[in-house]
Amino acid sequence: MTYLAKPKLLSADAPRNALGYTRRDYEGAISTLCAGCGHDSISAAVVQACFDLDIEPHKVAKLSGIGCSSKTPDYFLGNSHGFNSVHGRMPSVLTGAALANRNLTYLGVSGDGDSASIGIGQFAHAMRRGVNMTYIVENNGVYGLTKGQFSATADKGSKSKKGVINSDSPIDLAALALQLGATYVARSFSGDKEQLIPLIKGALCHGGPAFIDVISPCVTFNNHSGSTKSYDYVREHNAAVNRVDVILPKAQIETSYPPGSLRRVVQHDGSILHLRKLGVDYDPSDRIGAINHLQERQALGEIVTGLLYVNSSVQDMHAHLNTVEKPLNQLGDAYLCPGSKALDALNALLR
Amino acid sequence: MTRVQAIQNCNDFVIKFANVNGSGSSSANELFARAVIRMGVPVAPRNIFPSNIQGLPTWYEVRVSEAGWLGARGGCDMMVAMNPQTWDRDVAAIDPGGYLLYDSTKPLPQSKFRDDITVLGVPLTDICNREYEDPRQRQLFKNIMYVGALLALLDMEFAAAEKLIVDRYRGKDQLIKANVNALRLGYDHAKANLPCPIGLRVKRADAVGDRILIDGNSACGLGAVYGGATVAGWYPITPSTSVIEAFSSYCRKYRTDPDNGRARYAIVQAEDELASIGMVLGAAWNGARAFTATSGPGISLMQEFFGLAYFAEVPAVIFDVQRGSPSTGMPTRTQQSDLISCAYASHGDTRHVLLFPEDPHECFTLGAQAFDLADRLQTPVFVLSDLDIGMNERLCAPFDWDDSRRYDRGKLMTYDELEAGKTFGRYLDVDGDGIPYRTIPGTHPTRGAYFTRGTTRNAYAKYSELGADYVYNMERLRRKFDTAKTLVPAPVLRNAAQPTRYGAIHFGSTGPAMAEASVLLEADDVHVDTLRVRAFPFSDEVMRFIAEHECVFVVEQNESGQLRSLLINEGEIDPKKLVRVLHYDGSPITARFIAGKIANALSDRKVSPITTPLRKVAP
């Protein structure tokens, strides 16, 4: 949240990425969310991730549904086209956009109400279809714009600001994504940018359906004692399985790790994920293991974070549909219209 | 047969086939219809079928009409009764003096017949059991066999049907041989045992011309290919499913890259209609031509997205093949009952462009044109077909395409224009026609990007909840809708043989029945000018037509008079002036129905149909 407009002048020594852009070139309009909202940290992480990856801002399309989270695409990547669509229906709009032009980077931003309640059907089917996208759910367990109702990710037994105890079972979107065919699944916390930024970077490079469930506390309606989505609760119960570093193919690898503690994953675009193990022996290439781990730890009251699963040999929707390399929205008349001769031949068959 | 004279008609009769669905009868019945066409005589075939896969009754009706009337006629001159389940009603449906062809293998009591019709029995099952071992073959060839018998009974050219089989199964000699053999068995049996020919006959004529026979859904799918559609998001629903099947099959044929076999199109079967229209809007927002095909229930489900598309100004094409509603209603029966739900689809103040094709030819032309209109107007465009056009083959003018035609992609601001510093306001009315300029994602690194929302924004797409910004936007959208009036296809006027103060307005699949009704009325000295509306919003010509007539019948296939309501609402017409002629039992409207209603209404008004000329006869 920023009440003050950002200064127009930029200091000359602001860092620039390989394209010559500063971080400012990846920022958007001023946020209108509450001061301290976790979502603003996620927006900042998106800005940093795109800056670090040298992504051309206009080659990103950002799409969202309805809700606090879905407002955020206005607050980052101001040089990207954005589409604030229909509540719970971002996945289909993003799918259509991805069909039209396979060469852009698609970033879907949604919330727990938008994805786990009204939009759970579209969430599920976009994962199944293998849409090449980064799908971020800014998960606070609560409806903010309508003032504090539980969402479908609120934990059973957690307490609302008004003191109501939630009696419904929660939906774990990360577990669902694993089951439904997402090939990059992570969970993170908006209060941990060291963890979040590399996870977003890894997702943007992934090449298939990448899903990140980001616990993002609602400071106004869900940050009290008794909430399981508050800053304090998430910090106390965060059980990270790994730390990720994303290394672009062109970068020099300088970091060194103690032997045996590192797992290296090369994604389709050549980007390399360095996964540092943290305590537990966790294998992020084992989808079934990931689902089990999530369930086991959740039963213990822990919130598992980190890169839960990655499959680097991914095929996206365009591969399934066998579409041409050139984006469909750039095919000219001559490639699309069969012309009058074909029609004459067809007429002859219909007599 | 007693008392009643057997019907004697050449090239003008209705024959109906009563079958069980799933029995393979439809291709045999179609063979019959095409054999008549090959003799130069127009036919209008229609399927009457259940919402079921196998076992329920289904009918196929062929109207043979050298005069070229393609609307349903009503009545039945000859019944081919192949379904024991519906025997009684099928026999009862035959007009007095008509004919019954049936499978006489099993004797039926006299009480199962009528004494005012000609009964023609062929022991089809017997012959099949004698000729074929395989039960499936017995069933399939029984169908071909009764077509053979009909050729003999109706004095048709055997060679015409034989040639059709050869054309259909070209390269598959075994199939050709087997089918021709079955056809011959039926033909020979009828010749030897029945009073061939009967009173109904087909005589070679030259009344078909270069017309083609195709169903409207195939034509819509082809129109989408020619219109440049590359993305289709859809969900299966009768009677629209075959639009996508046709699009898919024509795309495989015409849009497969010859070098690498890859697809210049993408078709995604969505999880529901909400997702299908969502995909269409996403693709169209991103600069591809995109469409969906659906029917009434799908239109209901898509409502929220239609509103967003209208206000966010995203082009989209929706083929709505109308049927009886609701979801569990009459999905396999025809209606024109989605006009209101499409014209004003969604919450908020919305109004949409609708196109009304009359036949498969217009399904193709208006289908292709819809994509230009959607891009030009940056709004959803609905092509409102119906089951009668969509799922029945119809004789129509051949398809044509002007190779010099280029797609109208509308007001797209390019990289060069942005680079040159041209002002970009996404919702700014630069040209005064209400249509703003848009940019496609990825156009320019630093200019022309915008955040797409519904209405909480100003002309530059910046967040705004100001009333003045909202009003500016709504007034511009109104101007845009006025512009649409000048771009949509014009109505088609048909003046009566002599000047009259009566008019009739109709649209879509009512066309053929209306044209025939005019002729029936004229024979009774009742004269009515007709206007076929082809689009909403209504052009000035439509309102002029109403103004020029004292009384205007609005002929449509729904219960509430939806076109009439739209005319009253949009044209501020006195409701008394527009008289409803409504047909809505799920069967296609007939000329007899229209003519009867109009004649009755005029006699109720106690006015002489011949009135003082209000205009001179057109030279």
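## Salt bridges and polar contacts

In this predicted model, the interface of chain A and chain B holds 3 salt bridges by the rule used. One of them links the side chains of A:Arg129 and B:Glu271, with N to O at 2.6 Å.

## Which parts of chain A take part

Several elements of chain A give two or more residues to the side that touches chain B. The strands are S1 (60–64) and S2 (81–84). The helices are H3 (90–100), H5 (120–129), H11 (333–336) and H12 (339–349).

What kinds of residues make up this side of chain A, by class? There are 25 nonpolar, 23 polar and 9 charged residues.

Now for the interface as a whole. Here 57 residues of chain A are in contact with 68 residues of chain B. The area buried between the two chains is about 5,200 Å², and carbon and sulfur atoms give 62% of that area. Three residues deserve a look in the structure: A:His81, A:Phe83 and A:Arg351 supply 14% of the area that chain A buries against chain B, more than any other three residues.

## Strands that pair between the chains

Strand S2 of chain A returns here. S2(A) pairs with strand S17 of chain B (residues 451–452) in the parallel sense, over 2 bridges.

Conventions:
Residues are numbered from 1 along each chain as its sequence is written. Chains are lettered from A and ligands numbered from 1 in the order in which they are written. This is a predicted model: local features need pLDDT of at least 70, side-chain atom pairs count only at pLDDT 80 or more; totals for chains, interfaces and linings use all residues. Side-chain values use heavy atoms; hydrogens and water are left out. Contact means heavy atoms within 4.5 Å. Buried area is the accessible area (1.4 Å probe) that two parts lose on being put together, summed over both. A salt bridge is a side-chain nitrogen of Lys or Arg within 4 Å of a carboxyl oxygen of Asp or Glu. Helices (H or I, at least four residues) and strands (E, at least two) are DSSP runs, numbered from the N terminus. Ala, Val, Leu, Ile, Met, Phe, Trp, Tyr, Cys and Pro count as nonpolar, Asp, Glu, Lys and Arg as charged, and the others, Gly among them, as polar. Two strands pair if DSSP finds at least two bridges between them.
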